[in-house]
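Okay, thanks everyone, I'll keep this short.

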Amino acid sequence: MKKGILIALLSVVILSCKKEKPTEIIVIGTQHKPVPNFNADILFDILEDVQPDFILHESDSSHYTADFKFKKEPKENEGIASLKYQKKYPEVAFRPHEFEGRNQYRINKGMRPTDKLTFRLLDSLNKADLLTKTESEILNTYRDHLNPLIEIASKSAEYFNNEKADSLCEIRQFYQYKMIPKITNTREEFANHFHTKPNGEKISYRDGYQLWADFWDLRNQTMAKNILKTAEQNQGKRLVVLTGFMHRYYIRKELKRLIEGKNIVLKEFYQK
(Lines give C-alpha, C1' and ligand atoms only; values in the text may rest on other atoms or scores of the structure.)
Protein backbone atom coordinates (compact mmCIF):
# COMPACT_ATOMS: atom_id res chain seq x y z
CA MET A 1 0.00 0.00 0.00
CA LYS A 2 2.76 2.40 1.01
CA LYS A 3 4.70 1.45 -2.11
CA GLY A 4 1.68 2.30 -4.29
CA ILE A 5 1.26 5.70 -2.63
CA LEU A 6 4.96 6.45 -3.10
CA ILE A 7 4.80 5.57 -6.80
CA ALA A 8 1.73 7.78 -7.21
CA LEU A 9 3.45 10.70 -5.48
CA LEU A 10 6.56 10.28 -7.63
CA SER A 11 4.42 10.28 -10.75
CA VAL A 12 2.79 13.54 -9.71
CA VAL A 13 6.20 15.12 -9.04
CA ILE A 14 7.59 13.96 -12.38
CA LEU A 15 4.58 15.26 -14.28
CA SER A 16 4.66 18.59 -12.49
CA CYS A 17 8.36 18.99 -13.30
CA LYS A 18 7.76 18.43 -16.99
CA LYS A 19 8.32 21.65 -18.85
CA GLU A 20 5.40 23.07 -20.77
CA LYS A 21 5.65 23.02 -24.52
CA PRO A 22 7.43 26.26 -25.56
CA THR A 23 5.66 28.93 -27.53
CA GLU A 24 7.27 29.36 -30.94
CA ILE A 25 7.64 32.68 -32.73
CA ILE A 26 8.69 32.62 -36.37
CA VAL A 27 9.36 36.06 -37.86
CA ILE A 28 9.11 35.94 -41.64
CA GLY A 29 10.46 38.96 -43.50
CA THR A 30 8.28 39.58 -46.53
CA GLN A 31 7.85 41.75 -49.59
CA HIS A 32 4.42 43.33 -49.63
CA LYS A 33 3.94 43.47 -53.39
CA PRO A 34 4.17 40.35 -55.57
CA VAL A 35 7.41 39.80 -57.48
CA PRO A 36 8.51 36.69 -59.40
CA ASN A 37 10.57 35.34 -56.49
CA PHE A 38 8.06 36.18 -53.75
CA ASN A 39 4.30 36.28 -54.12
CA ALA A 40 1.21 35.15 -52.23
CA ASP A 41 1.44 31.57 -53.53
CA ILE A 42 5.05 31.25 -52.39
CA LEU A 43 4.15 32.65 -48.98
CA PHE A 44 1.17 30.28 -48.75
CA ASP A 45 3.52 27.34 -49.34
CA ILE A 46 5.75 28.60 -46.53
CA LEU A 47 2.76 28.89 -44.19
CA GLU A 48 1.59 25.43 -45.11
CA ASP A 49 5.01 24.05 -44.29
CA VAL A 50 5.19 25.87 -40.94
CA GLN A 51 1.58 25.17 -39.88
CA PRO A 52 1.06 28.16 -37.56
CA ASP A 53 -1.68 28.47 -34.94
CA PHE A 54 -1.61 32.27 -35.25
CA ILE A 55 -0.59 34.61 -38.07
CA LEU A 56 0.34 38.13 -36.98
CA HIS A 57 0.19 40.88 -39.58
CA GLU A 58 1.89 44.25 -40.02
CA SER A 59 -1.44 46.04 -39.61
CA ASP A 60 -3.34 47.46 -36.66
CA SER A 61 -6.72 46.57 -35.14
CA SER A 62 -8.62 48.90 -37.48
CA HIS A 63 -8.16 46.37 -40.30
CA TYR A 64 -10.06 43.63 -38.42
CA THR A 65 -13.54 42.87 -37.19
CA ALA A 66 -14.13 42.14 -33.51
CA ASP A 67 -13.38 38.44 -34.14
CA PHE A 68 -10.19 39.24 -36.12
CA LYS A 69 -11.46 38.74 -39.63
CA PHE A 70 -10.24 41.04 -42.38
CA LYS A 71 -12.63 43.95 -42.97
CA LYS A 72 -11.53 44.27 -46.59
CA GLU A 73 -10.26 41.86 -49.19
CA PRO A 74 -6.46 41.94 -48.84
CA LYS A 75 -4.35 43.16 -51.74
CA GLU A 76 -0.82 42.42 -50.50
CA ASN A 77 1.05 39.13 -50.36
CA GLU A 78 0.65 38.66 -46.61
CA GLY A 79 -3.12 39.08 -46.49
CA ILE A 80 -3.81 37.08 -49.65
CA ALA A 81 -1.63 34.16 -48.51
CA SER A 82 -3.05 34.23 -44.98
CA LEU A 83 -6.65 34.21 -46.20
CA LYS A 84 -5.89 31.33 -48.55
CA TYR A 85 -4.30 29.46 -45.67
CA GLN A 86 -7.24 30.17 -43.35
CA LYS A 87 -9.69 28.83 -45.92
CA LYS A 88 -7.80 25.55 -45.92
CA TYR A 89 -7.07 25.55 -42.18
CA PRO A 90 -9.99 27.41 -40.51
CA GLU A 91 -8.57 26.92 -37.02
CA VAL A 92 -5.72 29.39 -37.64
CA ALA A 93 -6.27 32.80 -36.04
CA PHE A 94 -5.16 36.26 -37.19
CA ARG A 95 -3.84 39.05 -34.98
CA PRO A 96 -2.39 42.54 -35.62
CA HIS A 97 1.04 43.55 -34.38
CA GLU A 98 1.41 47.05 -35.87
CA PHE A 99 1.69 50.38 -34.06
CA GLU A 100 -1.91 51.61 -33.77
CA GLY A 101 -2.82 54.34 -36.24
CA ARG A 102 0.68 54.36 -37.73
CA ASN A 103 0.03 56.34 -40.90
CA GLN A 104 -2.17 59.06 -39.40
CA TYR A 105 0.18 59.35 -36.42
CA ARG A 106 3.09 60.09 -38.76
CA ILE A 107 1.08 62.62 -40.74
CA ASN A 108 -0.26 64.39 -37.64
CA LYS A 109 3.19 64.67 -36.09
CA GLY A 110 4.67 66.06 -39.31
CA MET A 111 6.99 63.13 -40.04
CA ARG A 112 5.30 62.82 -43.37
CA PRO A 113 5.94 64.18 -45.89
CA THR A 114 9.01 65.80 -44.28
CA ASP A 115 10.86 62.49 -44.62
CA LYS A 116 10.60 62.61 -48.42
CA LEU A 117 11.03 66.39 -48.57
CA THR A 118 14.23 66.06 -46.54
CA PHE A 119 15.74 63.57 -48.97
CA ARG A 120 14.71 65.72 -51.89
CA LEU A 121 16.62 68.63 -50.36
CA LEU A 122 19.57 66.39 -49.49
CA ASP A 123 19.85 65.15 -53.06
CA SER A 124 19.57 68.70 -54.37
CA LEU A 125 22.39 69.90 -52.12
CA ASN A 126 24.52 66.91 -53.01
CA LYS A 127 23.96 67.39 -56.74
CA ALA A 128 24.96 71.05 -56.42
CA ASP A 129 28.12 69.94 -54.57
CA LEU A 130 27.11 71.96 -51.50
CA LEU A 131 27.48 69.18 -48.94
CA THR A 132 30.77 68.74 -47.11
CA LYS A 133 32.87 65.70 -47.94
CA THR A 134 31.73 63.95 -44.77
CA GLU A 135 28.06 64.79 -45.41
CA SER A 136 28.28 63.57 -48.98
CA GLU A 137 29.91 60.32 -47.84
CA ILE A 138 27.09 59.71 -45.37
CA LEU A 139 24.41 60.24 -48.01
CA ASN A 140 26.19 58.19 -50.65
CA THR A 141 26.88 55.36 -48.22
CA TYR A 142 23.21 55.30 -47.32
CA ARG A 143 22.29 55.11 -51.02
CA ASP A 144 24.93 52.46 -51.76
CA HIS A 145 23.66 50.16 -49.02
CA LEU A 146 20.43 49.71 -50.94
CA ASN A 147 22.13 47.75 -53.72
CA PRO A 148 22.92 44.55 -51.78
CA LEU A 149 19.38 44.60 -50.38
CA ILE A 150 17.94 44.78 -53.88
CA GLU A 151 20.09 41.79 -54.80
CA ILE A 152 18.96 39.56 -51.92
CA ALA A 153 15.34 40.69 -52.37
CA SER A 154 15.44 39.23 -55.89
CA LYS A 155 16.14 35.73 -54.54
CA SER A 156 14.09 33.21 -52.58
CA ALA A 157 12.75 34.08 -49.13
CA GLU A 158 15.57 32.26 -47.34
CA TYR A 159 18.01 34.86 -48.71
CA PHE A 160 16.27 37.78 -47.01
CA ASN A 161 15.43 35.80 -43.87
CA ASN A 162 18.78 35.10 -42.25
CA GLU A 163 21.41 36.79 -40.09
CA LYS A 164 23.44 38.09 -43.04
CA ALA A 165 20.42 39.82 -44.56
CA ASP A 166 19.41 41.14 -41.14
CA SER A 167 22.86 42.66 -40.76
CA LEU A 168 22.63 44.38 -44.15
CA CYS A 169 19.22 45.80 -43.24
CA GLU A 170 20.48 47.01 -39.88
CA ILE A 171 23.43 48.88 -41.44
CA ARG A 172 21.22 50.55 -44.03
CA GLN A 173 18.64 51.60 -41.44
CA PHE A 174 21.42 52.85 -39.16
CA TYR A 175 22.48 55.26 -41.88
CA GLN A 176 18.91 56.32 -42.57
CA TYR A 177 17.90 57.00 -38.97
CA LYS A 178 21.17 57.72 -37.14
CA MET A 179 23.63 59.10 -39.69
CA ILE A 180 21.41 61.22 -41.96
CA PRO A 181 20.34 63.32 -38.93
CA LYS A 182 24.01 64.25 -38.49
CA ILE A 183 23.48 66.26 -41.68
CA THR A 184 19.94 67.51 -41.14
CA ASN A 185 20.53 68.51 -37.51
CA THR A 186 23.52 70.71 -38.34
CA ARG A 187 22.78 72.31 -41.70
CA GLU A 188 20.62 75.42 -41.57
CA GLU A 189 18.77 74.57 -44.80
CA PHE A 190 16.81 71.90 -42.91
CA ALA A 191 15.92 74.30 -40.12
CA ASN A 192 14.71 76.91 -42.62
CA HIS A 193 12.48 74.73 -44.78
CA PHE A 194 9.00 73.99 -43.44
CA HIS A 195 5.99 71.77 -43.92
CA THR A 196 2.51 72.61 -42.63
CA LYS A 197 0.90 69.89 -40.51
CA PRO A 198 -2.84 69.07 -40.70
CA ASN A 199 -3.48 71.25 -37.63
CA GLY A 200 -1.94 74.27 -39.39
CA GLU A 201 1.31 74.30 -37.41
CA LYS A 202 4.59 74.53 -39.28
CA ILE A 203 7.37 72.04 -38.70
CA SER A 204 10.90 72.27 -40.05
CA TYR A 205 12.38 69.51 -42.16
CA ARG A 206 14.97 69.11 -39.40
CA ASP A 207 12.40 68.45 -36.68
CA GLY A 208 10.16 66.39 -38.92
CA TYR A 209 12.98 64.11 -39.99
CA GLN A 210 14.20 63.66 -36.42
CA LEU A 211 10.69 62.62 -35.38
CA TRP A 212 10.68 60.20 -38.31
CA ALA A 213 14.02 58.75 -37.21
CA ASP A 214 12.86 58.36 -33.61
CA PHE A 215 9.64 56.71 -34.74
CA TRP A 216 11.61 53.87 -36.34
CA ASP A 217 12.65 52.79 -32.86
CA LEU A 218 9.24 53.38 -31.30
CA ARG A 219 7.40 51.52 -34.05
CA ASN A 220 9.58 48.42 -34.04
CA GLN A 221 9.72 48.27 -30.25
CA THR A 222 5.93 48.54 -30.12
CA MET A 223 5.51 45.77 -32.69
CA ALA A 224 7.79 43.48 -30.68
CA LYS A 225 5.78 44.17 -27.50
CA ASN A 226 2.53 43.44 -29.33
CA ILE A 227 3.95 40.15 -30.61
CA LEU A 228 5.11 39.19 -27.13
CA LYS A 229 1.68 39.97 -25.68
CA THR A 230 -0.01 37.61 -28.15
CA ALA A 231 2.63 34.95 -27.47
CA GLU A 232 2.14 35.15 -23.70
CA GLN A 233 -1.62 34.87 -24.14
CA ASN A 234 -1.23 31.68 -26.18
CA GLN A 235 1.22 29.41 -24.37
CA GLY A 236 2.51 26.50 -26.40
CA LYS A 237 1.25 27.80 -29.73
CA ARG A 238 3.18 28.52 -32.92
CA LEU A 239 3.03 32.14 -34.06
CA VAL A 240 4.09 33.31 -37.50
CA VAL A 241 4.86 37.03 -37.66
CA LEU A 242 4.68 38.58 -41.13
CA THR A 243 6.53 41.85 -41.57
CA GLY A 244 8.46 43.71 -44.26
CA PHE A 245 11.93 42.22 -44.28
CA MET A 246 13.55 45.56 -43.41
CA HIS A 247 11.87 45.32 -39.99
CA ARG A 248 12.93 41.74 -39.31
CA TYR A 249 16.32 42.44 -37.73
CA TYR A 250 14.88 44.94 -35.27
CA ILE A 251 11.87 42.85 -34.26
CA ARG A 252 13.97 39.72 -33.76
CA LYS A 253 16.54 41.63 -31.72
CA GLU A 254 13.82 43.09 -29.50
CA LEU A 255 12.10 39.73 -29.11
CA LYS A 256 15.35 38.02 -28.09
CA ARG A 257 15.62 40.55 -25.29
CA LEU A 258 11.96 40.36 -24.28
CA ILE A 259 11.68 36.54 -24.18
CA GLU A 260 14.77 36.02 -22.06
CA GLY A 261 13.84 33.69 -19.21
CA LYS A 262 10.44 32.88 -20.75
CA ASN A 263 9.27 29.62 -22.26
CA ILE A 264 9.28 31.14 -25.73
CA VAL A 265 11.64 30.32 -28.59
CA LEU A 266 12.49 32.17 -31.80
CA LYS A 267 12.78 30.02 -34.91
CA GLU A 268 13.20 30.42 -38.66
CA PHE A 269 10.53 29.17 -41.07
CA TYR A 270 13.06 26.79 -42.64
CA GLN A 271 14.24 25.50 -39.25
CA LYS A 272 12.73 22.14 -38.31
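Predicted model: local features only at pLDDT ≥ 70, side-chain atom pairs only at ≥ 80, totals over all residues.

If you want a spot to look at, find isoleucine 55, which stands opposite valine 240 in β6.

Now β6 has another partner. Strand β1, that's residues 23-30, also pairs with β6 in the parallel sense, this time over seven bridges. Here you can pick out glycine 29, whose bridge partner in β6 is threonine 243.

And how covered is β6 itself? The strand spans residues 238-244, and six of its seven residues are buried, so I'm happy to call β6 mostly covered, with buried meaning under 20% relative accessible area.

Okay, over to the helices. Helix α9 covers residues 205-233, and lysine 225 sits in it. Is that lysine buried or exposed? Lysine 225 comes out at 51% relative accessibility, so it counts as exposed, because the cut-off for that is over 50%. From lysine 225 to valine 241 you count 16 residues in sequence, and in space it's 12 Å, C-alpha to C-alpha.

Last stop is helix α10, residues 248-258, where we find glutamate 254. Glutamate 254 has 11% relative accessibility, so this one counts as buried. What does it touch, leaving out residues up to four places away in sequence? Gln221 and Ala224.

That's my tour, happy to take questions.

Note on methods. Residues numbered from 1 in each chain as written. Heavy atoms only, no water. Helix = DSSP H or I, 4+ residues; strand = E, 2+ residues; numbered from the N terminus. Buried < 20%, exposed > 50% of the residue type's maximum accessible area, 1.4 Å probe, protein only. Contact = heavy atoms within 4.5 Å. Pairing = 2+ DSSP bridges.
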